[in-house]
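This briefing concerns a predicted model.

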Amino acid sequence: MRWILFILLTMAASVLEAGNLLNLIAFGYGQVRPSILLVLLVFFALRTEPMEAVGISFLLGFAADLAGPVMGPNTVCWGVAGSLLAQMQGLLNVRHSVYQIAVVLAAALVLMGASHGLAVLKTEQTGTLPLRILLGRAFYTAAIVPFLWPLLERLRPLLKKPQPGRSSGIRLGHV
Amino acid sequence: MPLTDAYDMSIRKIHLSPGLLFVALLLAGLILLWLPQQLTCRLNFLFVRVFEPFLRLGRVVEAQRVQQIAGAGGQTIDAAEYERLWKAYQNLSAQYQTLHQEYETLARFRKEVPLPWAGLVLAEVCSSVRGVRQELIINKGADHGLAAGQMVLSEKGDCVLGVVQEVSSRLSRVRLLTDPSMTLEVRIRRQGAEREYAGRMLGDGKNGCRIPLLPRDYDIRQGDVVYAAPQPGILEAPLVVGQCVQVQPDEEHPLLWDITVRPAADAYTQKVVAVIVPPLSSLEKK
């Protein structure tokens, strides 16, 4: 993995997550917006080596925490979920977009609820859990998968470290 | 040697297995979770400070879109002017009643005149958070006299938008009235009526607020004005918060009102906000 490129990609996604640019495609008073970082988490957890996937999951969780108001909940939840997904690479067939959407939707529902719970535990701020927003965000995140996943598939060779002994993109002709 | 190669080499040297890496990172995450919020929120503020231009860019685009939509209809300017005048009138009315009560008290007793508001600190909105939480991040912090708990008003200082939640040296996080974890002591008063009712207003997590647990024998109607209750050192006179848009019996407790309040201003369209800060003399004492 080319870590510098990956960190740049993560920072760009977290700026989008924290900023207002996504409000242009948001619904429900701007509260229901997709989470690009969460799609990145599922994609890289399922499409990279397990060792790298563990580090990537915690890094993406940390980035999600930075973009939000509380540090810690996403790092823990996303790290655990990403590592579990990495162990299930052989079991989950995510070649078809329907499966990709299903996995992202399930991950979004679980992770958004769990990290909200941990955030409430940390800040001790009681408040009603807006289920409508959580469900809306999870479904919207799953809805952008058909657009984002192929883009990430194209981006993956750039992020992958070249194999030693092979030149990047230049193939020698047969002698 | 490139940085990534050095990283890989170091991992090979340490012989990190996926399990060990997972445990180490999980421990780091748990430590981050257990650290006090006052400490870890500095990281969030650092992120906002570093990427402020990019975060602000999104806000500018959104504000332009709102302005374009507003400019499309000819009635919008009049409506905004009406809103401004309505808030000013309601504030004057509330201040008049408070002053009148004070006058009546002063007529009987000599007392020290309370200190007026020390002043307002104007702050630009860097970013806004919409979602499970509803917050604004503003570009003034502890260095400018801001502290948690202070009231945040609209640019003209004519209505309450929220309360300062966390501060760093140069940035602050403002929890809006509509945030689901927001609670605010309020007074409900009708134009021309002498009696006012105290209540606790909660954010509904959408674009409004609720005032639960008020008995049905309270004479509260649609259109009654909701004010933030005065708090010593924070808010010396009542200030408009919003208006009751729906007053109906609570479904679970039919003897209580369930009141829906529409905030007087949309916090997300504000470019600049004002924060009420305590008197300079008390800051110097601190």
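**Interface of chain B and chain A**

In this predicted model, 48 residues of chain B are in contact with 50 residues of chain A. Together the two chains bury about 4200 Å², of which 67% lies on carbon and sulfur atoms.

*Polar interactions across the interface*

- Nine residue pairs are in polar contact between chain B and chain A, counting pairs with both residues at pLDDT 80 or more.

*The side of chain B that touches chain A*

- At least two residues each are supplied by helix H1 (3-14), helix H2 (18-34), helix H3 (37-50) and helix H4 (52-72) of chain B, as well as by strand S1 (119-129) and strand S5 (172-176) of chain B.
- H2(B) provides the largest share of this side, with nine residues.
- By class, the side of chain B that touches chain A comprises 22 nonpolar, 15 polar and eleven charged residues.

**Helix contact within chain A**

- Helix H6 (residues 131-143) of chain A and helix H7 (residues 145-159) of chain A have axes that come within 6 Å and cross at roughly 50 degrees.
- H6(A) and H7(A) are therefore oblique to each other.
- On H6(A), the contact is made by Thr141(A), Ala142(A) and Ala143(A), and on H7(A) by Val145(A), Pro146(A) and Phe147(A).
- The contact of H6(A) with H7(A) has five nonpolar residues, one polar residue and no charged residues.

Notes:
Residues are numbered from 1 along each chain as its sequence is written. Chains are lettered from A and ligands numbered from 1 in the order in which they are written. This is a predicted model: local features need pLDDT of at least 70, side-chain atom pairs count only at pLDDT 80 or more; totals for chains, interfaces and linings use all residues. Side-chain values use heavy atoms; hydrogens and water are left out. Axes are lines fitted to C-alpha atoms, for helices over the stretch in contact, and angles run from 0 to 180 degrees between N-to-C directions. Helices (H or I, at least four residues) and strands (E, at least two) are DSSP runs, numbered from the N terminus. Angles under 35 degrees count as roughly parallel, over 145 as roughly antiparallel, 65 to 115 as roughly perpendicular and the rest as oblique. Contact means heavy atoms within 4.5 Å. Ala, Val, Leu, Ile, Met, Phe, Trp, Tyr, Cys and Pro count as nonpolar, Asp, Glu, Lys and Arg as charged, and the others, Gly among them, as polar. Buried area is the accessible area (1.4 Å probe) that two parts lose on being put together, summed over both. A polar contact is a pair of N or O atoms within 3.5 Å; within protein, one must be able to donate a hydrogen and the other to accept it, and residues adjacent in sequence count only if both atoms are side-chain atoms.
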